[in-house]
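Trainee: I am new to this structure and would like a close look at a single part of it. Please take me through that part slowly, with its surroundings.

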Amino acid sequence: MKAEGRSLGFFVAFGGGAAARWGCLALCERAALRERNFEKGAAMAFCTETVSVGQGAFVLEAVVTVTPRGIVVYACTPGFAHLGATAQAIPRPEPGRTATVSLLAVPCHRDEIPAHDIAAALATEFAMPCAASTGYHVENAAPADLQKMLDTNQELIAALEQRVARMLLSLGTL
């Protein structure tokens, strides 16, 4: 817990946080930084944490695992956790470009958009591969409910970006 407090203090102290500091590095510079850390014998470790956003039927919970070379996310509605879709995003090397995303969806599910958006956002922001699986469920969902779920997914992405930045910092890769 103490290490998280130090990470959080560092995150806040730099005005804009670690994500902003990370975002100002060019994509190739980020990859080179990771490679230098690896070549120096930096330990290959991982961190796993949970994130929760939303209210009522629109609560989303995510488990995120971060390594120095990739991110894995599973996000679901806690009352009906299941696997609806998986997306894998690979960052493009050109600055200012989004990630290339591949999708695999379970038939009759609409989880591919949230999975795509999570994987693409994290891979682009942190210049590393990201796999995201989602299982969202709202009983008898109307079009407004689907939009609310997509809006909540955007909240989740913002929370994940902050959490992943802190986790990478704790691993020494930021």
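Does Arg110 count as buried or exposed, and what is its relative accessibility? Please continue from there to the elements around that residue.

Mentor: This is a predicted model, and its confidence comes first. The mean pLDDT of the protein chain is 81, with 74% of the residues at 70 or more. Residues 1-27 are another matter, as pLDDT stays under 50 there. The model does have 36 contacts beyond four places in sequence for that stretch. Where pLDDT is low, however, predicted coordinates should not be read in detail.

Now to your residue. Arg110 has a relative accessibility of 61%, and because exposed means over 50%, Arg110 counts as exposed. Arg110 sits in the loop between strand 5 and helix 4. Gly135 is 25 residues away from Arg110 along the chain, yet the C-alpha atoms of the two are separated by 9.0 Å.

Gly135, in strand 6, is the bridge partner of Cys76. Strand 3 and strand 6 are joined by six bridges and pair in the parallel sense. The sheet as a whole is open and has six strands, in the order 1-2-3-6-4-5, with mixed pairing. Strand 1 (47-53) and strand 5 (99-105) are the edges; each has a single partner strand, so one side of each has no neighbour in the sheet. From one strand to the next the twist averages 15 degrees.

Two of the facing pairs can be named: Ala89 stands opposite Cys130, and Thr86 stands opposite Ser133. Five of the six residues of strand 6 are buried, so this strand is largely enclosed by the rest of the structure. Strand 4 is also joined to strand 5, by seven bridges in an antiparallel arrangement; there, Pro91 stands opposite Ala99. The side chains of strand 4 alternate.

At 1.5 Å a residue, the 15 residues of helix 4 should span 21 Å, and the end C-alpha atoms are 21 Å apart, which agrees. The buried residues of helix 4 include Pro114, Ile118, Leu122 and Phe126. Just after helix 4, Ala127 takes a positive phi of about 55 degrees.

One more residue belongs in this picture. His82 lies in the loop between strand 3 and strand 4. With a relative accessible area of 17%, His82 is buried, whereas Arg110 is exposed. A polar atom of the His82 side chain lies 2.8 Å from the backbone oxygen of Phe80. Leaving aside neighbours within four places in sequence, the residues in contact with His82 include Tyr74, His109, Asp111, Thr134 and Gly135.

Notes: Residues are numbered from 1 along each chain as its sequence is written. This is a predicted model: local features need pLDDT of at least 70, side-chain atom pairs count only at pLDDT 80 or more; totals for chains, interfaces and linings use all residues. Side-chain values use heavy atoms; hydrogens and water are left out. Two strands pair if DSSP finds at least two bridges between them. Helices (H or I, at least four residues) and strands (E, at least two) are DSSP runs, numbered from the N terminus. Axes are lines fitted to C-alpha atoms, for helices over the stretch in contact, and angles run from 0 to 180 degrees between N-to-C directions. pLDDT is the predictor's confidence in each residue, from 0 to 100. Contact means heavy atoms within 4.5 Å. Buried means under 20% relative accessible area, exposed over 50%, partly exposed in between (1.4 Å probe, protein chains only). A polar contact is a pair of N or O atoms within 3.5 Å; within protein, one must be able to donate a hydrogen and the other to accept it, and residues adjacent in sequence count only if both atoms are side-chain atoms. The expected span of a helix is 1.5 Å times one less than its number of residues.
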